[in-house]
Amino acid sequence: MKKRALLSVSDKTDVVSFARQLVALGFEIVSTGGTGKEISKVGLPYTLVELNKIAEDSIKTFGLVVVNLYPFAKDQSIANIDVGGPSMIRAAAKNYNSVGVVVYPADYEDVLDEIKGLGDLCEMTRFKLATKAFQVTAIYDTMIAREFDNHLRQGSRPKSGNKH
């Protein structure tokens, strides 16, 4: 069975190179709109998926999930509160026994090296990546909660911002 990787990132740093190497390693790339457009610029094949369709259509499982979150720290608007990303990250991290979750572009090279060397990620690597993933979502949620709390104390509300 062909390995599958879900790529859905707001930080596109090195994602094209990462996707290219995953394809070379035999992965099928499944991607959301913006990330898919980015990797398609260099002619890489991918399957477009809407996040809500994953659950609805019982899409085949993934061995690797690569997600980073909307940049709420840069612009504290409602539009920059990522909903799907944390859900995917948590789901993948919870299932670290069979899924690798990558939240930082800085981890791409190590992940690729291990897959090249071992054919897959070992359980300890998946556990380490899951730990990072839970840390990222905890920090993200705390940042949003603090921003909301600050607005509540000031009697204001966060700005709406543009939709993604």
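Reader: Gly26 comes after α1 with a positive phi; what is the value?
Author: Happy to start there: this is a predicted model, with residues numbered from 1 along each chain as its sequence is written, and local features need pLDDT of at least 70, side-chain atom pairs pLDDT 80 or more, while totals for chains, interfaces and linings use all residues. Side-chain values use heavy atoms, with hydrogens and water left out. Helices are DSSP runs of H or I with at least four residues and strands are runs of E with at least two, numbered from the N terminus. For Gly26, following α1, phi is positive and near 95 degrees.

Reader: How many aromatic pairs are there, and which two residues form a stacked one?
Author: Rings of Phe, Tyr and Trp (its six-membered ring) pair if their centres lie within 6.5 Å; planes under 30 degrees apart count as stacked, over 60 as edge-to-face and the rest as tilted. By this rule the count is two. With 4.0 Å from centre to centre and 15 degrees between the planes, the stacked pair is Phe18 and Tyr108.

Reader: Which helices does that pair link, and how many residues apart are its partners?
Author: Phe18 lies in α1 (residues 15-24) and Tyr108 in α5 (residues 108-118). The pair thus joins distant parts of the chain, with a separation of 90 residues.

Reader: Are Phe18 and Tyr108 buried or exposed?
Author: Buried means under 20% relative accessible area, exposed over 50%, and partly exposed in between (1.4 Å probe, protein chains only). Phe18 has 1% relative accessibility, so Phe18 counts as buried. Tyr108, at 4%, also counts as buried.

Reader: Where on α1 do the buried residues sit, and what arc do they cover?
Author: The buried residues of α1 are Val15, Val16, Phe18, Ala19 and Leu22. Their arc, taken from the directions from the helix axis to the C-beta atoms, puts them on the same side of α1, because it covers only 160 degrees.

Reader: At what angle do α1 and α5 pack, and are they roughly parallel or perpendicular?
Author: Axes are lines fitted to C-alpha atoms, for helices over the stretch in contact, and angles run from 0 to 180 degrees between N-to-C directions. Under 35 degrees counts as roughly parallel, over 145 as roughly antiparallel, 65 to 115 as roughly perpendicular and the rest as oblique. The axes of α1 and α5 are 11 Å apart, at an angle of about 5 degrees. The two helices are therefore roughly parallel.

Reader: At what angle do the axes of α1 and α2 cross?
Author: Val15, Val16 and Ala19 in α1 meet Thr35, Glu38 and Ile39 in α2, where contact means heavy atoms within 4.5 Å. α1 and α2 are roughly perpendicular. Their axes come within 9 Å and cross at roughly 75 degrees.

Reader: Which exposed residues does α5 carry on the face turned away from its buried side?
Author: In α5 the buried residues are Tyr108, Val111, Leu112, Glu114 and Ile115. They fall within an arc of 165 degrees, so they line one face of α5. The face turned away from them carries the exposed residues Glu109, Asp110, Gly117 and Leu118.

Reader: What covers the buried residues of α5?
Author: After α5 comes Gly119, with a positive phi of about 90 degrees. The cover over the buried residues of α5 includes α1, β4, β5 and α6 (123-154).
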